[in-house]
Amino acid sequence: MDESKRTPLAVVLAALLHLGILAFLYLAILPCSTYEKWFELLHLPAGWNPIACAKPLELPGQPIEAVLIGPTGAPPPKPTKARPVPDSVPPPPAVPPPTPTVQAPQVKTLPPPPEHPDVVDQEKVVAEALQKAEDAKKEQEERQRQRQAELDAQAARKKEEEKKKIDELFAKLDKASAATRQADNRKRQAEQQLKDLQNTRDDGLPDVPAATQRQTGTNGKDDSLLAKYQAAIQNAVTQNWLRPDNMPSAPCVVHITQLPGGDVMSAKVDSSCPYDDAGRRSVENAVLRAQPLPYKGFESVFQRDLTFTFRPQ
């Protein structure tokens, strides 16, 4: 309800309350005979009257006539006139009694009554009640906001923990996948090495095309022992080489580390080799399959670290 409508209603209720109190006080000071007269005028039953006068004591039987005897019943004595006694003392002079001074009652001026005291008090009470209700509402809203903030923080922490667990799980899966890929690569490399070793045994001299005479040189004019040694290595590697597709005919430098007797420790093509990865691996595998490299008869020109130029044929 609007504040402007509450004030007149409060004034009317206060006025009715005061009128009721005055009427009650007025009815309380009326004698019981007045109530009896009102009930007789209105022709209402006397039993409805809440305030009934006390009746005089009435005894049953005929009234008794009696004559009082004794001092109580004797007539009073007749008055006798007293004789004046002469007084020799002159009476004192008549002094008029002092006139009492009547002081006028002091009239105290009362302060003017406050305008609409009841209305002001009621408005104050209503304002305080509204303020308390507003404060309680704000406090409740603040508690709800704090509770909601705590719930949001808990949900965020829980979500972060779940995300962390998911990230850790994915990291483990990635690690396992990487380990699996690495194991597969190692397996393929082992299979390739095993295949190369098998080819080393299978692709020997018996598979070389038949010729009237084994090639021992490069059709050059250098007939030195070192030239013959290099030609023998070229011939051994070429016999064990499996040529890949789209292989160029350019030469490729290979670095070989070997032991006396021709056992190869390692074979690595040079970075200047123009072959692709498949071509480079084919040359390195051919060197490994050709071991032991030619050694007998070439002891004087044997080189532990040999740089060999492979020329595809």
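Good morning. The accessible surface of this protein comes to about 26,500 Å², and 59% of that area belongs to carbon and sulfur atoms; accessible areas come from the Shrake-Rupley method with a 1.4 Å probe, and for residues only the protein chains shown count as cover. The model is predicted: local features need pLDDT of at least 70, side-chain atom pairs count only at pLDDT 80 or more, and totals for chains, interfaces and linings use all residues. Residues are numbered from 1 along each chain as its sequence is written, and side-chain values use heavy atoms, with hydrogens and water left out.

Of the 313 residues, 18% count as buried, meaning under 20% relative accessible area, whereas exposed means over 50% and partly exposed lies in between.

The protein has 5 helices and 3 strands; both are DSSP runs numbered from the N terminus, with at least four residues (H or I) for a helix and at least two (E) for a strand. From the N terminus on, their order is α-α-α-α-β-β-α-β.

Let us turn to strand β1, residues 252-258.

Which strands pair with β1? Pairing requires at least two DSSP bridges between two strands. Strand β3 (residues 305-310) is joined to β1 by 6 bridges, running antiparallel, and β2 (residues 264-269) pairs with β1 in the antiparallel sense over 5 bridges. Thr 257 stands opposite Asp 305 in β3, and its bridge partner in β2 is Ser 266.

Methods:
Buried means under 20% relative accessible area, exposed over 50%, partly exposed in between (1.4 Å probe, protein chains only).
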